[in-house]
Amino acid sequence: MRLRLLFLLALCRAGPTAFGRSLSLRGSWRIRSGNGSLELPGRVPGCVHSALFQRGLIQDPYYRFNDLDYRWISLDNWTYSKKFKIPFNISKWQKVNLIFEGVDTVAKVLLNSVPIGKTGNMFKRYSFDVTSVVRDVNSLELRFQSPVLYAAQQSKAHSNYSVPPDCPPPVQKGQCHVNFIRKEQSSFGWDWGPSFPTQGIWKDVRIEAYNICRLNYFVFSPIYDNHTQGWNLEIESSFDVVSSKPVSGQVMVAIPELQTQQSYSIELQPGKRIVELFVKINKNVTIETWWPHGHGNQTGYNMTILFKLDGGLSIKKSAKVYFRTVELIEEPIEGSQGLSFYFKINGLPIFLKGSNWIPADSFQDRVTSDLLRLLLQSAVDANMNTLRVWGGGIYEQDEFYRLCDELGIMVWQDFMFACALYPTNEDFLNSVRAEVAYQIRRLKYHPSIIIWGGNNENEAALMMNWYNIPASELHTYIKDYVVLYVKNIRKIVLAVSSKEDWSYNSKFSLHRQHHADGNSEMLRQVEFHFTLPESPDPLQAFKDTIYLTQVTQAQCVKIETEFYRRSRSEIVDGQGYTMGALYWQLNDIWQAPSWASLEYGGKWKMLHYFARHFFAPLLPVGFEDQDVFFIYGVSDLHSDCKAKLTVKVHTWSSLEPVCSSETDHFVLKAGKAVLLYKEPVPVLLENCGNCTRQSCVVSFYLSTDSQLGSPTNYHFLSSLSESVGLRKAYITAIISQQGDTFAFDLETSAVAPFVWLDVGSIPGRFSDNGFLMTEETRTVLFYPWKPTSKSELEQSLRVTSLMDIY
């Protein structure tokens with residue numbers, strides 16, 4: 001089970017500098033009703049209900065039947081407005097943004113009477129570029145639409161088919177069509193609470209002005225490396241560079257308690273830019289992990305990150321870092337048809353004890369830190385260690401998760417979908433994608449969050465047919481369920497600080513594929529000889545698909561090129577004497593699927609390693625024709641050489657060859673391709689015991705009296721999708737340094753096709769890669785292009801062979 005490694009991110013705002021200013025728009029606003037008959041002051045963060053109550057215009061909404069008496073509030077269209085003066089010279093700033101951390105929910109935003117954007121999702125953060133609109137003195141308006149009326153309009157517009165439920169049961173005294181608005185679902189009423197569909201600005205709002213560049217966000221991923229038994233951090237920082245020139249500088253990351261300090265050089269091109277850093281935590285310092293309540297301490301470490309950029313621009317942030325691992329164990333149980341379902345924290349199985357969390361108030365401006373601490377401390381005092389944040393409420397405020405981290409409360413975090421089916425039109429899906437990506441980025445680093453749940457009871461509602469959907473129409477709703485939760489939300493979650501675009505058929509992948517039907521062509525080619533990846537994890541399936549397309553590309557170009565090389569000295573059916581093979585193409589102009597053998601940036605693909613072999617000066621080429629196996633010897637040497645050919649046959653199930661033969665020495669003419677070996681395949685197999693086409697593979701190489709030899713080549717007697725006896729190989733690597741080169745001593749437990757060594761972003765190349773490993777041990781060299789270390793290579797190394805993807 002892949003470990004999910006998380007920690008708390010507690011950001012502190014950078015102080016004002018000459019390069020950026022921020023103006024909070026919290027505090028006093030004006031609120032008016034739709035027809036203008038009612039106008040009153042209100043507070044931000046807040047909502048209309050709270051403002052009316054605070055001014056004494058309504059009673060406490062919770063009093064007696066006021067949930068019914070005050071329905072008119074939710075049915076009106078309210079406007080929030082504020083006049084404000086910029087306390088600095090706005091003309092001196094290259095970029096000015098208006099940022100809303102949370103708007104509840106559907107509103108048109110106007111600055112100085114100019115429409116600058118819309119909001120439609122309570123759970124998203126909104127940022128609007130107001131550089132061309134903002135003035136020294138400004139008026140800001142948010143014209144809200146009744147969430148009840150908006151939801152009804154959206155439901156009516158979804159005319160192809162209804163999406164139940166239309167309305168809650170009458171006993172709940174709620175409002176209808178809540179599944180058509182991305183808002184706290186229980187605010188329309190639930191079986192345990194009132195209906196108060198609020199309107200307002202429920203989180204912070206501010207103006208941000210900056211020159212040169214701005215740090216939009218930075219996020220962290222702790223990684224525990226089982227191989228080295230050490231911790232690392234991946235840091236991703238997002239910048240908006242408004243300078244017309246590149247911005248260079250240094251990044252310094254320090255965790256003093258862990259004796260960890262590292263510096264990096266960066267250069268930011270104009271535009272939206274992402275900087276990714278990899279921080280190695282000092283292995284000589286003991287790290288205390290975060291534990292749930294009752295199982296250990298909740299130790300965290302202070303980290304500072306300092307960006308020192310051109311022109312004296314300095315951005316300093318601080319964070320609280322917690323380290324822990326979490327595993328969900330699902331294994332067969334003897335005597336049961338089901339699987340286990342339990343969590344390990346830091347390798348220890350934990351019995352979850354706790355309850356479910358719903359919103360602490362219908363009006364979030366009334367939920368204070370003191371109230372949250374009181375409620376959460378009460379859970380701990382009752383010996384609880386887990387709370388589920390229920391999917392019909394809200395993604396809780398930062399303070400909630402900070403307290404759970406501090407108190408050792410594990411959180412089962414639902415996405416905010418509950419007891420309903422949902423539409424899957426593109427506008428709705430786009431809003432959900434942005435919501436999910438933002439909330440994961442905001443929350444995933446808390447050690448308290450151990451799992452993300454898709455929804456509350458929606459699958460049960462569908463499969464138990466709560467809404468009496470005719471059997472002939474059920475497939476439509478099942479498809480919608482899969483689209484929303486599996487193909488969208490789940491994909492984003494499993495991608496972690498990974499890109500949403502990391503899917504073989506994602507819009508981005510297809511966008512970058514400029515060859516008509518290119519992605520489909522690659523898959524069709526793969527299916528000729530391989531089984532497509534079977535991982536239920538979309539991200540892993542994407543990685544496995546990339547691996548197989550690389551294998552297929554390399555094999556295809558290899559076979560074609562070898563045909564050209566062995567054709568240099570003969571004419572067959574009027575064709576031959578081939579004297580060149582130039583494959584399309586070498587390199588890429590951007591990150592995209594293409595024919596290249598070098599990635600954008602220069603990293604070798606599998607094809608490029610294959611090319612190093614099939615362009616070798618001395619090469620044996622094997623092929624079949626009418627059930628006869630041939631091997632040609634090809635020489636690009638300038639002089640004749642004395643050589644011999646060795647042929648071995650392995651079963652897929654054994655590292656010991658079942659038979660081996662070698663020719664007498666012969667003279668291989670310079671610049672020639674000559675036939676060296678010819679054997680009917682049935683005879684070859686008969687001479688090798690119980691071999692069949694499906695159970696065996698042929699390998700062969702040329703050797704000379706000098707050190708010159710050929711690469712080992714191979715011939716598959718059947719498609720690997722039909723192979724018999726091929727099993728998963730467990731391959732270990734011991735790395736040692738030899739001057740500026742590193743040796744990877746590999747050991748395998750089984751025959752392994754297409755062994756792929758990857759050291760992530762460490763620049764360099766291997767002496768060989770993508771090879772067939774038929775012997776127990778093999779040494780491969782790594783030539784770094786920049787200084788690196790043994791430990792860095794150990795931490796980055798990933799080894800994949802064919803059966804790893806099944």
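Analyst: Let's start with a cluster: ring pairs link Phe417, Tyr422, Phe428, Tyr481 and Tyr485. Rings of Phe, Tyr and Trp (its six-membered ring) pair here if their centres lie within 6.5 Å; planes under 30 degrees apart are stacked, over 60 edge-to-face, and the rest tilted. A quick word on the basis: this is a predicted model, where local features need pLDDT of at least 70, side-chain atom pairs count only at pLDDT 80 or more, and totals for chains, interfaces and linings use all residues. Residues are numbered from 1 along each chain as its sequence is written, and side-chain values use heavy atoms, with hydrogens and water left out.

By that pairing rule, the count comes to 45 aromatic pairs. Take Phe100 and Phe128: the ring centres sit 6.2 Å apart with the planes at 70°, so this pair is edge-to-face. Phe100 belongs to strand 6 and Phe128 to strand 9 (residues 126-129), so the contact ties together parts 28 residues apart in sequence. Strands (E, at least two residues) and helices (H or I, at least four) are DSSP runs, numbered from the N terminus. Phe100 is buried, at 0% relative accessible area, and Phe128 counts as buried too, at 9%. Buried means under 20% relative accessible area, exposed over 50%, and partly exposed in between, using a 1.4 Å probe and protein chains only.

Trp652 and Phe716 make a tilted pair, 6.1 Å centre to centre with 35° between the planes. That one links distant parts of the chain, 64 residues apart: Trp652 is in the loop between strand 32 (641-651) and strand 33 (659-662), while Phe716 is in strand 37 (residues 713-716). Both Trp652 and Phe716 are buried.

Charges sit over rings as well, meaning NZ of Lys or CZ of Arg within 6 Å of the ring centre and within 35 degrees of the ring normal. Arg566 lies over the face of Phe623, 3.4 Å from the ring centre, and Lys203 does likewise over Trp202, at 4.7 Å.

Now the backbone. Most residues other than glycine have a negative phi, and most peptide bonds are trans. Val44 and Pro45 are joined by a cis peptide bond, omega about 0°, with Pro45 in the loop between strand 4 (39-44) and helix 1 (48-54). The bond from Asp104 to Thr105 is also cis, with omega near -5°. As for positive phi, Asp627 is near 70° and counts as partly exposed at 37% relative accessibility.
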